[in-house]
Amino acid sequence: MEKYVGGQRKFHSVNSGGVYLKSLDLKEIDLYHSNLNEAGLSEAILIGAKLNSVVFTRPCLKNADLQLADLELIEGSSINLSWADLNLAWLIGASLNNANLSNASIYQANWERINLNSANLTGVNLAETDLTQASLNRASLQNANLQKSQFRGANLEKCHRPIAKLFMWYDREF
């Protein structure tokens, strides 16, 4: 934290498993290829953060602000992103199996080729989000806002989507 407060933003390949950073302002931090297993980042401000190729196992980012964050290729097994702000975030090629994204805001994000198998997306705002070739096998989209979202080539097998009949996407109607 001393280095961050001193102006340093680049912290590549850091092993910070179990670190507790609740409610900290870490705007534009660059944690490329780091390990944040079981990190406590709830309510953290990570606007514009670069978290490419970060490994997250069971971390808590509940209520975190990840607007404009670059989370490409992250590994986030059982990650808690409930109520998080992921508007305009990039999660291309990310793997979020069993993630909890309930009530998160993911407006106009780029989530191409993301793996959201068995994810909880209940009440999530996915409006205008690109989910091209995403895998949502067994995911719950109950009460989700999917207006103008793109699902071209997406895997929605066994996806729980009781309201999906209200929407039509470019190449798929439910």
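## About the model

Welcome! This is a predicted model, in which local features need pLDDT of at least 70 and side-chain atom pairs count only at pLDDT 80 or more, while totals for chains, interfaces and linings use all residues. Residues are numbered from 1 along each chain as its sequence is written, and side-chain values use heavy atoms, with hydrogens and water left out.

## The cysteines

Another cysteine to look at is C159, which counts as buried because its relative accessible area is 8%. A disulfide is a pair of cysteine sulfur atoms within 2.5 Å, and by this rule the count is 0.

## Around T129

T129 sits in the segment after β2 (75-77); strands here are DSSP runs of E with at least two residues, numbered from the N terminus. With a relative accessible area of 0%, T129 is buried.

Who surrounds T129? Leaving aside neighbours within four places in sequence, T129 is in contact (heavy atoms within 4.5 Å) with I106, Y107, Q108, A109, W111, K148, S149 and Q150. A polar atom of the T129 side chain lies 3.4 Å from the backbone nitrogen of A109. F151 is 22 residues from T129 in sequence, and their C-alpha atoms are 8.9 Å apart in space.

## Cavity

The structure holds 1 cavity of 30 Å³ or more. On a 1 Å grid over the protein atoms alone, a cavity is a set of points where a 1.4 Å probe fits but cannot get out, and lining residues have an atom within 4 Å of a point. The largest cavity has about 50 Å³ of space, a volume being the space filled by probe spheres set on points joined across faces, edges and corners.

Its lining is made up of L51, F56, L61, L66, L71, I74, I79, L81, L86 and L91. By class, these are 10 nonpolar residues, with no polar and no charged ones; Leu, Ile and Phe are among the types that count as nonpolar.

## Two positive phi values

Most residues other than glycine have a negative phi. L73, in the loop between β1 (55-57) and β2, has a positive phi near 60°.

S118 also has a positive phi, about 60°, although it is not a glycine. S118 is found in the segment after β2 and is partly exposed, at 34% relative accessible area.

Note on methods
Helices (H or I, at least four residues) and strands (E, at least two) are DSSP runs, numbered from the N terminus. Buried means under 20% relative accessible area, exposed over 50%, partly exposed in between (1.4 Å probe, protein chains only). A polar contact is a pair of N or O atoms within 3.5 Å; within protein, one must be able to donate a hydrogen and the other to accept it, and residues adjacent in sequence count only if both atoms are side-chain atoms. On a 1 Å grid over the protein atoms alone, a cavity is a set of points where a 1.4 Å probe fits but cannot get out, and a pocket is an open set with protein on both sides within 12 Å along at least five of seven lines; lining residues have an atom within 4 Å of a point.
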